[in-house]
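Work through the exercises below with the model open. Try each task before reading its solution.

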Amino acid sequence: MDLREMISEGLVQAPGVWDGLTARLAEQAGFPALCASGFAVSAALGYPDAELYTMTENLQAVRTIREASPLPVIADIDTGYGNAVNAARTARRFADAGVAAVFLEDQRSPKRCPLIPGAEIELLDLPEATGKIRAVRDAAQATGMLVIARTDAKGEEALRRAEAYVDAGADLIMPVTKTFTTTEEWRRCHEVAGVPLMATLTASAWTEREFTPEVMEQIGVRLALLPTQVLMAVTGAAQACLRRLAAGEPPADVSADATPHHEFVELIGMAEVERQQRSYLPAAETV
């Protein structure tokens, strides 16, 4: 079943991943889809989420995720890395990489992360923003890739933009966590847009606390991203491990609290590689 069919049947939740290992872990946990989280991809490169990485670096991360797991991938393409023509090229490259959906925001480049307190967000004028969406839609049309329009506007302006973005070809609308402050506003957005909504249940955001599956069903959310939970969990575990090692704690004691080595090599697919080696490589000669 592809992502479009999944959404038509009910709520789809996708955790944020950034490499092959996290993609495999999410698949093995039973998720139906993956989010190539721009926040996490940027963090994996050692950068904050401020569009400091390039389209090529983002695309490489997505290709790695796609190679590691067959699950549909929803990819963050930030501002499209330029104007409408640049955004169309970005969409084609991501479609060629096999992603199921991309989401594009209406900020001016370089973007500002809306989670940063006090960040002043500069939006594109509506004609320029809708032109980008039309360009991405046209680039994606032949592949069936879903186009998700994100807006960082608030209140009535967000509703106006949601309606315009759907007219321009968006399949879903993605309000950011600061766009609205109540579930009723989300419900109204769904009514105005007339298409499903995508929500980000970002760690520590109000949507993470209040958007239960039942609530999302009622307000028209059909795609829910969990973009930062895995990243924060991995970071906390890595910090604890490194602090213990740096403090001189015996490595064997630290390893005792981690995933056992034999379990890790199993989940990463070593058994399949060994099977291929036995099948394709010459048998070792015995003396």
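## Exercise 1: the second largest cavity

Leu104, Glu105, Asp106, Ala129, Lys132, Ile133, Ala149, Arg150 and Tyr165 line the second largest cavity. The model is predicted: local features need pLDDT of at least 70, side-chain atom pairs count only at pLDDT 80 or more, and totals for chains, interfaces and linings use all residues. Residues are numbered from 1 along each chain as its sequence is written, and side-chain values use heavy atoms, with hydrogens and water left out.

Task: find which elements supply at least two residues of this lining, and give its classes.

Solution. 
- On a 1 Å grid over the protein atoms alone, a cavity is a set of points where a 1.4 Å probe fits but cannot get out; lining residues have an atom within 4 Å of a point.
- Assign elements. Helices (H or I, at least four residues) and strands (E, at least two) are DSSP runs, numbered from the N terminus. β4 (101–105), α6 and β5 (146–151) each give at least two residues. The largest share, three residues, is from α6.
- Sort by class. Ala, Val, Leu, Ile, Met, Phe, Trp, Tyr, Cys and Pro count as nonpolar, Asp, Glu, Lys and Arg as charged, and the others, Gly among them, as polar. The lining has five nonpolar, no polar and four charged residues.

## Exercise 2: charged partners

Solution. 
- Take aspartate 106. It pairs with arginine 161, with the closest N and O atoms 3.4 Å apart. Aspartate 106 sits in the loop between β4 and α6, arginine 161 in helix α7 (residues 155–167), and the two are 55 residues apart.
- Check burial (under 20% relative accessible area is buried, over 50% exposed, in between partly exposed; 1.4 Å probe, protein chains only). Aspartate 106 is buried at 2%. Arginine 161 is buried at 5%.
- Asp106, Glu157, Arg160 and Arg161 form a salt-bridge network.
- Take aspartate 152. Its partner is arginine 150, at 2.8 Å between the closest N and O atoms. Aspartate 152 is buried at 8%, and arginine 150 at 5%.

## Exercise 3: the largest cavity

Task: which residues lie nearest the centre of the largest cavity?

Solution. 
- Read the lining. It has 20 residues, with Asp49, Arg150, Thr200, Thr202 and Pro227 nearest the centre.
- The volume is about 220 Å³.
- Aspartate 49 counts as buried because its relative accessibility is 12%.
- List its contacts (heavy atoms within 4.5 Å). Leaving out residues up to four places away in sequence, aspartate 49 touches Gly38, Phe39, Ser42, Asp78, Lys111 and Cys113.

## Exercise 4: the largest pocket

Solution. 
- Define it: a pocket is an open set with protein on both sides within 12 Å along at least five of seven lines.
- Complete the picture. The volume is about 590 Å³. The lining divides into 13 nonpolar, four polar and three charged residues.

Note on methods
Grid points are joined across faces, edges and corners, and a volume is the space filled by probe spheres set on the points. A salt bridge is a side-chain nitrogen of Lys or Arg within 4 Å of a carboxyl oxygen of Asp or Glu.
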